Amino acid sequence: MKKRSILFLIALFSAFAIQAQTVDEILTKYFENTGGLDKWRKLNTMKVDGKMNMQGMDFNFALLSKRPNMQKVEVT
């Protein structure tokens, strides 16, 4: 009985000690770790190169993005 009450108290105090992160906190940390929000706002174009596999065939691709809402995908 004493063990149960001790475990219950530990669980109760642990529940108060644990705090979840908010979306804003996660995004703030992400932008800080990737150069800062000012640099992200100055970014106008972005290019992502990669390789994908579809139905047993390998394709190289390039995804080009430009502000405000333009995207182009090149597949070779």
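The structure holds two salt bridges. It is a predicted model. The protein chain has three helices and three strands. Of its 76 residues, 4% count as buried.

**Salt bridges**

- Side chains of opposite charge can pair when their charged atoms come close.
- D49 counts as exposed because its relative accessibility is 53%, and exposed means over 50%.
- K47 is exposed as well, with a relative accessible area of 53%.
- E74 and K72 form a salt bridge too, and their closest N and O atoms lie 3.3 Å apart.
- E74 counts as partly exposed, at 35% relative accessibility.
- K72 is also partly exposed, at 46% relative accessibility.
- Why are E74 and K72 not called exposed? Their values, 35% and 46%, fall between the 20% and 50% cut-offs, so both residues count as partly exposed.

**Overall layout**

- Along the sequence, the pattern of the protein chain reads α-α-α-β-β-β.
- Take the contacts in the protein chain between residues at least 6 apart in sequence: 6% of these join residues at least 24 apart.

**Surface**

- The protein chain exposes about 7,400 Å².
- I6, L7 and I10 make a nonpolar surface patch of about 300 Å².
- Where does I10 sit? Its place is in helix α1, which covers residues 2–17.
- I10 is partly exposed, with a relative accessible area of 49%.
- Patch residues need over 30% relative accessible area, so I10 passes that cut-off with its 49%.

**Largest pocket**

- Rolling a probe the size of a water molecule over the atoms shows where empty space is left.
- The largest pocket holds about 150 Å³ of space.
- Which elements give two or more residues to the lining of the largest pocket? They are β1 (45–54), β2 (57–66) and β3 (70–75).
- The lining residues include W40, L43, N44, T45 and M46.
- Also among them are S65, K66, R67, P68, N69, M70 and Q71.

Key. Residues are numbered from 1 along each chain as its sequence is written. This is a predicted model: local features need pLDDT of at least 70, side-chain atom pairs count only at pLDDT 80 or more; totals for chains, interfaces and linings use all residues. Side-chain values use heavy atoms; hydrogens and water are left out. Patches are made of residues with over 30% relative accessible area and no salt bridge: like charges are joined within 9 Å, nonpolar side chains (Val, Leu, Ile, Met, Phe, Trp, Tyr) within 5 Å. Accessible areas come from the Shrake-Rupley method with a 1.4 Å probe; for residues, only the protein chains shown count as cover. A salt bridge is a side-chain nitrogen of Lys or Arg within 4 Å of a carboxyl oxygen of Asp or Glu. Helices (H or I, at least four residues) and strands (E, at least two) are DSSP runs, numbered from the N terminus. Buried means under 20% relative accessible area, exposed over 50%, partly exposed in between (1.4 Å probe, protein chains only). Contact means heavy atoms within 4.5 Å. On a 1 Å grid over the protein atoms alone, a cavity is a set of points where a 1.4 Å probe fits but cannot get out, and a pocket is an open set with protein on both sides within 12 Å along at least five of seven lines; lining residues have an atom within 4 Å of a point. Grid points are joined across faces, edges and corners, and a volume is the space filled by probe spheres set on the points.
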